[in-house]
Amino acid sequence: MALLLEHQFRPLPADRQVETRPFLEYAIMLVEVVSFDIMQYCLGPTIFAPIKSDILANITKVKAVYDTNPGRFRTLQQILEVEKEMYGTQWPKVGATLALMWLKSLRFIQVFLQSLLDGEKDENNPNLIRVNVTKAYELTLKRYHSWWLQQLFRAALFAAPYRSDFLKALSKGREVKEEECLEKVKKFLINFSVTVDAIYEMYNKMNAEIDYRV
Ligand code: EIS
């Protein structure tokens, strides 16, 4: 189970501010390294490639803003505050604020892994993870998706790996005991959830969350 634990979000400081640079480095690593393993061991590239390029585009957009002035944009909240001031009525549907809002795949991963940990399963098909993937989708992305994207999701669901194969993928192809793997997932989720929660709490507080469908 090297994969998830080799890489962790940092713990948050007391003020719960998320620092931009380590956040971006971690997100890029997650997409490049972790997603590569997932793709190699379970989800095929046809499904994964468009997701990956969308996620990378979001990260690149936030990074481009950060790189213009790393001191001014030290935390994600500073980015939102500066853009709010800068874009006026266009904000929040603009710039890095929008790109970060769309990084909902982080929330998706969080809900999905938590659901696996909580032991939620289809009792008739305990080796399927459709229940967990569907829960993650409904709580994170569905409200932003038009009818046709929702249909795409339904189709993609059939390509979801078996639970045992997914856990094996998380362990870089090694056979490990399910409990051992889930214990690692649990540890991984501690910092991950704290960071992801902090980001979307900030969106709520700043009224930066927008509801529209693509
Ligand atoms: C946004 O994309 C852009 O990201 C944003 C801006 O341009 C905005 C328009 O104002 O649009 O259209 C994109 C949307 N992104 C909107 C769709 C991309 C393809 C996604 C295909 C969706 C099928 C659902 C797949 C469900 C997965 C099934 C998995 C089975 C196991 C490590 C694994 C993680 C997997 C997580 C899956 C997350 C999907 C993320 C999709 C995000 C999305 O809906 S901006 O760009 O602001 O930067 O300019």
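The paragraphs below take the ring contacts and then the backbone. The model is a predicted one.

A search of the whole structure gives 9 aromatic pairs. One of them joins Tyr-200 and Tyr-203, with 5.8 Å from centre to centre and 40° between the planes. Helix 10, which covers residues 178–205, holds both Tyr-200 and Tyr-203. The two residues are 3 positions apart, about one turn of the helix, and both are buried.

Ring pairs also build a cluster, whose members are Phe-9, Phe-23, Tyr-26, Phe-188 and Phe-192. A contact of another kind involves Tyr-212: Lys-93 lies over the face of this ring, 3.9 Å from the ring centre.

Turning to the backbone, the peptide bond between Trp-91 and Pro-92 is cis, with omega at about 10°. Pro-92 belongs to the loop that runs between helix 4 (76–87) and helix 5 (95–101).

Two residues other than glycine have a positive phi: Arg-16, where the angle is near 60°, and Asn-207, where it is about 55°. Arg-16 sits in the loop between helix 1 (2–6) and helix 2 (20–41), while Asn-207 is in the segment after helix 10. With a relative accessible area of 36%, Arg-16 is partly exposed. Asn-207 has a relative accessibility of 63% and therefore counts as exposed, the cut-off being over 50%.

Technical notes: Residues are numbered from 1 along each chain as its sequence is written. This is a predicted model: local features need pLDDT of at least 70, side-chain atom pairs count only at pLDDT 80 or more; totals for chains, interfaces and linings use all residues. Side-chain values use heavy atoms; hydrogens and water are left out. Rings of Phe, Tyr and Trp (its six-membered ring) pair if their centres lie within 6.5 Å; planes under 30 degrees apart count as stacked, over 60 as edge-to-face and the rest as tilted. Helices (H or I, at least four residues) and strands (E, at least two) are DSSP runs, numbered from the N terminus. Buried means under 20% relative accessible area, exposed over 50%, partly exposed in between (1.4 Å probe, protein chains only). A charge sits over a ring if NZ of Lys or CZ of Arg is within 6 Å of the ring centre and within 35 degrees of the ring normal.
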